[in-house]
Amino acid sequence: MSGSVGKCNICKDVYTATSIEIETDLAIFVCADCIETAKDNFIWLCITCGKAYIKPKELVINKVKDPELKKAYMLCQDMQLIQGIECIACHPERVVEYMEMQCAGTEC
Ligand SMILES: [Zn+2]
Ligand SMILES: [Zn+2]
């Protein structure tokens with residue numbers, strides 16, 4: 001995939017050559033600005049409709065009540081994390097579950 005350029009999947013505004021893998025075999029383009037955004041925000045990208053959700057890390061961590069989950073999110077606080085999810089519009093009942101799984105797993 002080296003040398004390929006595509007539109008940033010997060011802001012859908014900028015063309016970039018930077019791509020990252022958010023799931024096995026699923027790479028997305030992310031521009032420098034959005035990578036910068038990922039330092040202070042958790043970014044979720046719906047792998048079904050392509051909509052990006054950006055939430056301040058502090059806000060997410062403050063809202064989490066489950067102590068285990070809170071710990072998992074706090075471990076991710078210093079990482080630039082973009083996670084593939086299925087969003088509320090695509091899967092109303094699954095999104096919370098997804099967000100929990102993604103970060104509470106062994107990968108973080
Ligand atoms: Zn971008
Ligand atoms: Zn969606």
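This is a short walk through one protein chain, from its overall layout to a few single residues.

First, the ground rules. This is a predicted model, where local features need pLDDT of at least 70, side-chain atom pairs count only at pLDDT 80 or more, and totals for chains, interfaces and linings use all residues. Residues are numbered from 1 along each chain as its sequence is written, while chains are lettered from A and ligands numbered from 1 in the order in which they are written.

Now the layout. The protein chain has four helices and seven strands. Helices here are DSSP runs of H or I with at least four residues, strands are runs of E with at least two, and both are numbered from the N terminus. Read from the N terminus, the order is β-β-β-β-α-β-β-α-α-β-α.

Strand β3, residues 19-23, pairs with strand β4, residues 26-29. The sense is antiparallel, over four bridges. By pairing I mean that DSSP finds at least two bridges between the strands. Glu 23 has Leu 26 of β4 as its bridge partner. Two residues lie between the strands of this hairpin.

Asp 25 is in that loop between β3 and β4. Its phi is positive, near 70°, and it is not a glycine. Most residues other than glycine have a negative phi.

Lys 12 sits in the loop between β1 (6-7) and β2 (15-16). Lys 12 has 13 other C-beta atoms within 10 Å, so it counts as partly exposed.

Next, the sheet. Which order do its strands take? The order is β6-β5-β7, in an open sheet of three strands with mixed pairing. At the edges are β6 (52-56) and β7 (82-85), each pairing on one side only. From one strand to the next, the twist averages 25°. Axes are lines fitted to C-alpha atoms, for helices over the stretch in contact, and angles run from 0 to 180 degrees between N-to-C directions.

Strand β5, residues 41-46, pairs with β7 in the parallel sense, over four bridges. There, Cys 46 has Ile 85 of β7 as its bridge partner. Helix α1, residues 32-40, packs on the sheet and touches β5, β6 and β7. Its direction makes about 120° with that of β5. Contact means C-beta atoms, placed from the backbone, within 7 Å.

On to the core. A nonpolar core is a set of buried Ala, Val, Leu, Ile, Met, Phe, Trp, Tyr and Cys residues joined through C-beta atoms within 7 Å. The largest one has 15 residues. Cys 8, Ile 10, Val 30, Ile 43 and Leu 45 touch the most other members. At least two residues come from each of β4, β5 and β7. The largest share, four residues, is from β5. Leaving out residues up to four places away in sequence, Ile 10 touches Val 30, Cys 34, Ile 43, Leu 45 and Ala 52.

Last stop: Cys 76, in the loop between α3 (67-75) and β7. Cys 76 is buried, because 20 other C-beta atoms lie within 10 Å. Across the protein chain, buried residues make up 22% of the 108 residues.

Technical notes: Contact = placed C-beta atoms within 7 Å. Buried ≥ 20, exposed ≤ 12 C-beta atoms within 10 Å, placed from the backbone.
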